[in-house]
Structures are given as structure tokens and as C-alpha cells.
Amino acid sequence: MSLAFDDYGRPYIILRDQGQKKRMKGLEAYKSNILAAKAVANTLQSSLGPKGMDKMLVSPDGDVSVTNDGATIVEKMEIQHPTAKLLVELSQSQDAEIGDGTTGVVVLAGKLLEQALTLLDKGIHPLKISDGFDRACDVAIKHLETISEEIDIQANEHEALIQAACTALGSKVVSKRKRELGKIAVTAVLDVADLARKDVNLDLIKIQTKTGGSVEDTRLISGILIDKDMSHPQMPKEVKEAKICLLTCPFEPPKPKTKHNINISSAEDYKKLYQQEQQYFVDMVKLVKDSGANIALCQWGFDDEANHLLLQNELPAVRWVSGTDVELIAMATGARIIPRFQEITPEKLGKAGSVKEVQFGTSNERMLVIENCQCTKAVTILIRGGSQMIVDEAKRSIHDAICVIRNLIKDNRIVYGGGSAELACSIQVLQYADEVSSVEQYAIRSFADALEGIPCCLADNCGLNPITSVAQAKARQLQESNPRIGIDCMELGTTDMKEQRIYETLSSKKQQIQLATQVVKMILKIDDVIAPDDY
Amino acid sequence: MDIVGNVLPQVLKDEATEDKGEMARLQSFVGAIAVADLVKTTLGPKGMDKILKPTGPGQEMTHITVTNDGATILRSMYVENPAAKILIEISKTQDEEVGDGTTTVAVLAGELLREGEKLIQKRIHPQHVIAGWRIARDVALKRLRDISSENDINSQEFHDDLVKIARTTLSSKLITTDRDYFADLCVKAVLRLKGSSNLDYIQIIKLPGGTIRDSYLDDGFILKKQITIGCKRRIENAKILVANTAMDYDKIKIYGTKVKVNSMDKVAEIEAAEKEKMKHKVDKILKYQPTVFVNRQLIYNYPEQLLADSGITVIEHADFEGMERVAAATGAEILSTFDAPERSAQVLGHCDLIEEIMIGEEKMIKFSGCKKNEACTIVLRGASTHILDEVDRSIHDALCVLITTVKNRRVVWGGGNSEMQMAAACEEEAKKVQGKQAFAIEAFARALRQIPTIICDNGGYDSAELIQNFKVELQKGNQICGLNMTDGTIGNMSELGVKECLRVKEQALMAASEAAELIMRVDDIVKCAPRKRERA
């Protein structure tokens, strides 16, 4: 920490406790930041593409997860470095906004930073670099839009959607069954999609996991699956033409929020209280029964007595249904959530074709399936797999695929994958660089190089020679002015991504380039890092 | 520091580590193979057992377990290595899903990775290995399904199959000498369930004393409780009321109630009211006219006495499972309120005879001639609790397999036959596949063949010779040959009656290959800094 002195040689204290703080500034700060961010990008780099590898992450508590999903990896790495954390956020915002391409965005940011480092060594001012990147980014985005194609999502039994889902699933551990899972994801999304408004409420797709079986056994249930069973072992296991009463109050005597005391001072009071108590239960069950409901789902618990009264009145019930499930069931069955017993009316009941208990394996675990709900078609994807890790990873993969399909329904423009879109943009940016007469030219050119890094990375992960294959693809793109030439990752014998049918959504690609550029600009603007020494 | 000498900033937390590429892969292989090697000696009819001893101080920590069950061994182990944890996880899943084959699945995954490591050393990319394994798995699965056979659920053949499967499962356990006896016992128990898969209805009671041979299946249902003093010890034509209600004192459930009195008289009054309330409840119960009253909760002396006075036999403190079983067996409804005596006929359970019996030193209550005959009890006897626990686990395995078989109905030949057939199918396939994947397919076949090899080794036979003879025998077209582990020869599985459930094999194959694939795909291991725990 540098010290300043006044005229009499006394030191100025500029920062509080500055002796105990660490400070980095100028070029040193830039470089340290860039290296930290690059370290993260390097970790993710080998996960990119269909032949990308997975990462094994051990949590602080010793739990193991294996994943290929960029956002999950960076989140679970527990990164400490402040600049590296920016990349974590970058990946997460891509996940929140688009849901897919979380690895790609970090790798691209890493490539951009790598280029920035050489530019800094050349002595170009960071702001000039970020300006250049900005301009290059605009050019790239514009070019992406020109090369994008609209696809007909309805054609050929939604073939395009399935292909896009397959592209998203291709890099995951479930890739063996990508077509089946892709189809499941597409059906699920289309079931709940509002095609007129081009909107999909992803809340209506519930993803439930259960270990056992194999990934092949994953299936789509046209209804809601909840991990609960009937409250009393002797209640019927199946209810047809269910009229569902959805309660958010417990089958127990009321507990007013105001603090109160009931003082009993005589035996008569005591007896009266007992009767009152009994009456509560009888009334509660009666109210539910009278409304015509034939099944009650409750967010809270039941008293033993209430439970038995329900059984006696032939009213199957489920207790401790989670809040999200309650909402989902309400949406799907058209039930109103009822917070008080007094407010139960027949109109507030939800309707479903059937509610039944299903059982898995030898461990006697049961789940409830609510099928043929009257309102929207809520669906559940039940994921199976050999172990918890596989099931978890399959869940993340299917989530990605669902997001891709949703994005396509919102905006049906696609670009082709396999690095072809990045290459096409790179060529365009490079051309543009020559037209710029200021220092930014170098930055723009570097941006083009960074874009080229993505196909390079893809080729590297697939065991191809990165330089040769990228050079070939670039040459062919220019010769044939065909922006669909990419890297033949799957070794199918063609580099035309249209023939390989590798679809990626335009929105995801656009977002990747924009977000990566933004974060890089942000990192380049930091020239001073002050942190506590022991940090 | 990187290669050029730049000091790299610290990205991860202090104690976190990151291993990349070869280092990461090496770590996974070593961990997974170590776990597989640990359990592999328990495989097969001549497999050995393990003693598990908990670490740490305390009385309960001195309790040891002796077992042959893969899932139990793996579950009790504490491992650091993440890949080893994945193997343990699949073994657990196997246990939950089909109940048996828990060792096989871990060993198969370990052997696959051992072969995988060799391929990686040959500079074959993991993705190519995985691609090959996927082809091999499909081929193996197809062959496995092709060689399986199915019998009608009610036929005598199916019944025989069940006995054979139970024998095969039990042959690797402690009770292998009495396996015929226990196989028969398990099959009878499972057949009583009539296709339902609820294992809860089969109760297993463990009582130290006697020999293993003294174990038996009881037709009726045995509750490990005592009849309250002063009640009849033998009730014929019993009408049973099963309840889950507070019989100590009825606590007031209305929130915020407090009893506040200002004189001793009032206390007496309240006490009387309380008694009155209990009496009222007992009266209501009496209206149902039961002869036996079973409650899940505690029963205080007063109501107990009231009930006993009316000639009702009282059983208190039945645990929840026991109560559910009583209800299921006798066809009773579990009651918590007693306001509808008119439903008496509907809610009361029935059985021909309830009596107190003595098994060994302990008194128990036996319900025989129940209305619904689904529930039954297996009484296990043995010289020590360790033996009993192990027998319990073995019987549990056998019951699980039988239930799975009843559901699935398809069976394959045991004695390593299915593994060898699958391996042969993979090898045939490898000849047709172009490219490097073929190596991986061959490796898959070798891994599959390791299972019978280990079984031979564990039996102390010359595995190389036996397996080769086995291969030749299969090649000749003898589809039902397998390892005869009593003589160390290749025998006829049909004559030896060694059968296994298809579902168990299927699940083991799929889970093991999925797990191996998962571990193979890893090229980077990030270990977060362990959470700091404040010592209390």
C-alpha cells in the first residue's frame, strides 16, 4: 500500500486500516483479474460440445455430483476470487434468461479475456479494447440475425423442435437416449404451451426424480406426480372422477395468532371444552364432505382423530403436500386454494380424471399421480436412473432441453451449431475491422479471433486437430459463402450443420455473445482491487 | 504458477483442490476399483463375509456386523473418494429397486473401469470408450432378454422357478446349508401375498436361541407384544378393535388451554371429569363389542382396568408397523374415534384364535386363522444376534428377489451363464463394428466375464481353465451350462436348478454401465473446502 506524506513528513491515512489491506492496481490488477477469470473458463472449456467431458464436484459436506452443465459447475466450485465470481454470475444469468449455453458463454468470455491480455501487452488502453469489443459485438449480433433462419416448428411432427432438444442433450451423459428424452421434453412443453401467445409456463412442467431403473425408463406422465401417499393406510388407493378439495389449513383445532389463554376452572368447563374439541373435528370433516369433494389434499398435518374421521367418511386425504405442489395442483385442476374450512364451496373444488397411488421398487415408496386434470394440462417428467448422480444430471439436462424448446416457441429463428455461427460472425467481424481506422481495429480483430476460439475448442474436445479443421471450415465458408459450415464433431462425414441438423436458437447465441462481451468489458474496467489482507 | 512463470491468482477457496485430466481420471479409477475389489470376495456361493466395526467411542460403537451383503457393506463404509461414492450409490439403488445383486453391480462397474483404464492407457479417448460401451450394453441387454424364459404365474413350473431362484440367492449367504428349507419358506411367504408387493406384510421376528434350522414360517401373524396382566390368554373367535388413540389421558387439543383452579375441591372435580371423560371413551369403545383391543399408544391403568373388567383382552403399545399388519391381517380398520358403533361389523377385525405363545424365552401374541390371510410371520432362530441379523438380511434379499420375479416373471439361468452369454454376444458384435469402439466392446465383454471368473476364484478353483471350458461349452451350443461350484466343473444348470431373476440382472447391467460411463466422462474433480464444524 503506497503511503502519502504531508509537508511535515507525517503519513496521510487514506483508507481505514490501510496497513491491513491488500491493493493491486494498474496493469497488475488487469492481469490478475484476467488470469483468475481465465482459470474458470479453462475448467469449463473441456465440457463444451457433444464430446465434452464432465466434472466431478465434491461439496463441502462430501456429496458428489457429476455434471456437464456450465452453470452448475461454476456454482458448485465455490469460487472465491472476486473477478472469477463475475463469470459465475455470467453463467447463471445465461441460465436464468435462456437456460442453455451456460458453458459456451463462459468459454467465450475466457477467449475474449485471453485476447485482451495480448492487447494489453501491446500497450492498448483497456477502454479502447472494450470499445472495440463493443463495436465488434454489434456487428456479430447483426450478422447472426442475417444468417438466422426461421423454422416451422409444427412441420413433420415437430421434428425441428426434437432436433433442437437433441442438440441440447447431445453433450450430456444421457446423450444415448437423446432422441427419446428430446421427444419427452417436446411433448411436455407442447402440452403446456400457449401457442397463440407464444408463451410457455415452465411451472406447469414438474420434473420428479426417482432412483432405480435406467435412464430409458424415464417417462412423461400427463398429470401431476407428488411424492406423498394417503394419510391413512386403509384409504382407497385410487379415486376416479376426483373432486379435489385443496386445503391450506390443518385438520386440527384452530390456533389463533393472537396470544391467548383459556382458563378452565370448573369441571363443567372441562367437559364443555372436550365436546367443543370433538365438534371441531366433526364439523371440519363434514364441511369437506358436504361440498361433494371425494379427496382432500392438505398442506398441513392431521390429527389422528381427524384422520380416522376422514377414513370413516370415506374421504381419502393426503397431508403435508408441499406449497409448490399445492399451487401446481390448483392451476391444473382448477381448484381454488381454500384457507379456511368455512369457505369450502362446491365451486372451489378441482376436478381430475383420477388420483392414484403408484409404488416403486422393493423399498415400498409410494407416490400419487393426479391424471387428466380439468384445466391446463400440467405434466410431470419422471426421471429414472441407476444412481442419484445420474438422475440429478438427467434432470439438469432435461431442464436445458425444455428451455431450448420454450425459446424456439417464443422465437422460431435458429442458427446452426457446431461452431458454424461463431465462425461466420468471426469472418464478418474481421472484414469490419479493416474499415475501422482507429486503435479499436486491433480490438475488433481480436474479437474475431476470440469467436474463432469456440469452434477451435469444439474440435479440440472431439479429438480433431483444432487448427486444421477450423482453417478448413473457414475456407469453405468463404469459398461457398455458406455460413453453415462448422466442425464435424460426431464424425458423420459432413461439415454442413444443416445436413447434420444441429440447431441452436438465435436468442441463445445472441445472448451468449452479448453477455460475454459485457462481462469482459466490466472486468477490463477494473484497475484497482482493494481487499482485506487475509481475504 | 503457470508454465511461463506468472503467479496465478487463487480462484478457489483455501482448502479446495482441483485435479484435471489424467490426475482426475486416475483418482476415479483407483477409488472405484478399490471399492469393487473390497466387495468382490463376497461374490458367489463360496464368497466370504466381512466384519464391519464402527469407529468412535461409546457403547453402541462396539456392536459389530458380520455380513455378506454388498449393500450393507458398502453402506457402512465411509469413503472419501468421489468415484467410490458413486459405486456405493448404485449399490444402494440396486438394493432399493430389486433387493439383490448389490455386490454384482459394484463389482461389474469396477471391472468395467479397470478395463476402461487399460483402454485410456492405449490412448483411446474416453468418449470412444463410452461409445463402445453403449453399443455393448445394448447388445448384452438384448441377449439377456433373449435367453430369458417366462412361465405362467399359476403353473407348477413357475413355482419351481421361484424355489430355484430363492435357493440361488441364498446359496451365497450364511444359511447356504439350509437353503432348501429357507427357499421353500420364502416362496411360501411371498405366494401368500398373492401378487401384491408389499413386503411389510411379511414380518420377520428374530429370537436368539436354538439353531437356524428351528426357524419357521408361521401361518398366522405374530405380534411381539404381551397381553396385559389380568386378561384372558386365549381368545377364540376374536373380534378385534385396532385403534390409534390416546388412552393415557386425553390431552386437550385446543390451543392455549390452561387449567386454573382456586381450591382443592375443584381439583378433585376436574380429576373426576377427566376420569369421566376416559370412562366415556371406554364406554364408546365397549359399544363396538370387541373381544380384543389393540392400541398403538400407551394405555393407563384406569382404562386398562375398565376394559379388562368387561372381559376384553388388551394389547397396548403396538408399534405402528405391527398395528398396520394386525389391521391388514384381520381386516380391521384402524380407529381413532369411536362414535359410530353401528359400523362395528365393518371396522372390527376377525380371527379364529388369539393366544399367547412362548418362543424361546419370550412371550408373544399369535393371531391365527385371520380373515385376510396376506400377512405372515417368519420366526428366525439362531445362535447369536449377529447370525440372526445376517439371516434376516439374506431372507430379505431372497424375499425381494422373489417379489420382483412375481412381478416380472422372466428368469435366466444362473451360475454365470447369463454373464457368459452376454460376453459372447458382445464379442460377436465387436467383430462387426468398425473403428476404435470395437476395443471398448471387447473390454465390456471381458468385464462381464470377470463376474464368473471371480466366482470361480472365490471358490478356490482354477478360474482360467474353468472359464475357458465354459466358453467352449457355450460355443458348442449348450445353452444351459454354468458353473458347478460344488465340484468345480461346468455343469448343467437345469439339473442343478440354478436360476436367477432377469430383472435383477438387467438392473445390475444397466446401473453398472451407467455408473461406469458417468465416471469415465469425468476429466476434472473439484473438491470444495470442507465445511468447518464448530465442536460443541
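Author: Chain A has a mean pLDDT of 83, and 96% of its residues are at 70 or more. Within this chain, helix H5(A), residues 126–147, has the highest confidence with a mean of 91, while strand E3(A), residues 21–25, has the lowest with 73. Where pLDDT is low, the predicted coordinates should not be read in detail.

Now to the domains. Chain A has two of them: domain 1 takes in residues 22–150 together with 419–531, and domain 2 takes in 224–254 together with 267–376. Taken over C-alpha atoms, their centres are 52 Å apart.

Next, some of the strands of chain A. Strands of a sheet pair through backbone hydrogen bonds, either parallel or antiparallel. An open sheet of three strands has the order E6-E19-E20 in chain A, with antiparallel pairing. E6(A), residues 149–150, and E20(A), residues 503–505, each have a single partner strand, so each has one side without a neighbour in the sheet. E6(A) joins E19(A), residues 413–416, through two bridges, and the two strands are antiparallel. In this pairing A:Glu149 has A:Ile414 of E19(A) as its bridge partner.

The strand E9(A), residues 205–211, has parallel pairing. Its partner is E18(A), residues 379–385, and seven bridges hold the parallel pair. A:Thr211 is placed opposite A:Gly385 of E18(A). Six of the seven residues of E9(A) are buried, so the rest of the structure largely encloses this strand.

Two loop residues of chain A deserve a look at their backbone. Most residues other than glycine have a negative phi, and most peptide bonds are trans. A:Ser481 is not a glycine, yet its phi is positive, at about 35 degrees. A:Ser481 sits in the loop between helix H14(A), residues 466–480, and helix H15(A), residues 497–500. Its relative accessibility is 61%, and because exposed means over 50%, A:Ser481 counts as exposed. A:Arg501, also not a glycine, has a positive phi of about 55 degrees. This residue lies in the loop between H15 and E20 of chain A, E20(A) being one of the two edge strands described above. A:Arg501 has a relative accessible area of 34% and is partly exposed.

Side chains come next. Over all chains, the whole structure has four aromatic pairs. One of them joins A:Trp300 and A:Trp320: the ring centres are 6.3 Å apart and the planes stand at 70 degrees, so the pair is edge-to-face. The two residues are 20 residues apart in the chain, with A:Trp300 in the loop between strand E14(A) and helix H9(A), and A:Trp320 in the loop between strand E15(A) and helix H10(A). A:Trp300 has 40% relative accessibility and counts as partly exposed.

Strand E14(B), residues 362–370, pairs with two strands in what follows. E13(B) and E14(B) form a hairpin with two residues between the strands, where B:Gly360 has a positive phi near 60 degrees.

The last element is helix H14(B), residues 437–459. Its 23 residues span 34 Å from first C-alpha to last, close to the expected 33 Å. At B:Ile451 there is a kink of about 30 degrees, shortly before the proline B:Pro452. Of the 23 residues in H14(B), 17 are buried, leaving the helix mostly covered. Just after the helix comes B:Gly460, with a positive phi of about 80 degrees.

Conventions
Residues numbered from 1 in each chain as written. Chains lettered and ligands numbered in written order. Heavy atoms only, no water. pLDDT = per-residue confidence, 0-100. Helix = DSSP H or I, 4+ residues; strand = E, 2+ residues; numbered from the N terminus. Pairing = 2+ DSSP bridges. Expected span 1.5 Å × (residues − 1). Bend = angle between axes of the 7 residues up to and from the residue. Buried < 20%, exposed > 50% of the residue type's maximum accessible area, 1.4 Å probe, protein only. Domains from an automatic or database assignment. Phe/Tyr/Trp six-rings, centres within 6.5 Å; stacked < 30°, edge-to-face > 60°.
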